[in-house]
Amino acid sequence: MASSRFTELRDKVREFPLISGVYIMKNTADKIIYIGKAKNLRNRVRSYFTDSKDHSPKTRLLVQNIQEVEYILTKTEVEAFLLEASLIKKH
C-alpha cells in the first residue's frame, strides 16, 4: 500500500464512530477482503493501522491490500455479531 493511501485510511478511521458495528475492507478491485465486527469501530479498525511489528504476517498482508474501509453501525454488539456472520455468508 502506498504510504499516502495508508495515511489517508488512518486519518479516515480517526473519524469512525465509537460504537458497535461491522467494518468491511476492500482492495483496489473493490473486492471485499475482510469483514469484521467491533464493539468500538474506531478503536478496532484503528488497530490495523498501528505499528505493524505487533501484527501477524497475515494481518500485515491484509493491511497492505486495503484500499477502502467502510462500516455499518449496529445498536448492539450482538447485532454486530449477527450482521458480520450474515455478510460473511453472503460474500
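In what order do the elements of the protein run from the N terminus on? Colour the chain by secondary structure and follow it along: α-β-β-α-α-β-α, which makes 4 helices and 3 strands. Here helices (H or I, at least four residues) and strands (E, at least two) are DSSP runs, numbered from the N terminus.

A quick word on what you have open. This is a predicted model, where local features need pLDDT of at least 70 and side-chain atom pairs count only at pLDDT 80 or more, while totals for chains, interfaces and linings use all residues. Residues are numbered from 1 along each chain as its sequence is written, and side-chain values use heavy atoms, with hydrogens and water left out.

**Stop 1: the whole thing**

Zoom out. The C-alpha atoms fill a box of roughly 35 × 25 × 20 Å along the principal axes. Of the 91 residues, 32% are buried, meaning under 20% relative accessible area with a 1.4 Å probe, protein chains only (exposed is over 50%, partly exposed in between).

**Stop 2: the hairpin**

Select β1 (21-26) and then β2 (residues 32-38). The two run antiparallel and are joined by 6 bridges; strands count as paired if DSSP finds at least two bridges between them. Click on I24, and you'll find its bridge partner in β2 is I35. Between the strands sit 5 residues, and D30 in this hairpin takes a positive phi near 65°.

**Stop 3: the largest core**

Now show side chains for Y23, M25, V45, Y48, F49, I66 and V69: among the 14 residues of the largest nonpolar core, these touch the most other members. At least two core residues come from each of α1 (3-13), β1, α2 (41-46) and α3 (57-64). Apart from this core lies another, of 5 residues, including I24, I35, A80 and L87. A nonpolar core is a set of buried Ala, Val, Leu, Ile, Met, Phe, Trp, Tyr and Cys residues joined through side-chain atoms within 4.5 Å.

**Stop 4: Y48 and the rings**

What is Y48 in contact with, leaving aside its neighbours within four places in sequence? Select Y23, M25, Y34, H55, T59, L62 and V63; contact means heavy atoms within 4.5 Å. Keep Y23, Y34 and Y48 on screen, as ring pairs link them into a cluster. The protein's count comes to 5 aromatic pairs, with rings of Phe, Tyr and Trp (its six-membered ring) pairing if their centres lie within 6.5 Å; planes under 30 degrees apart are stacked, over 60 edge-to-face, and the rest tilted.
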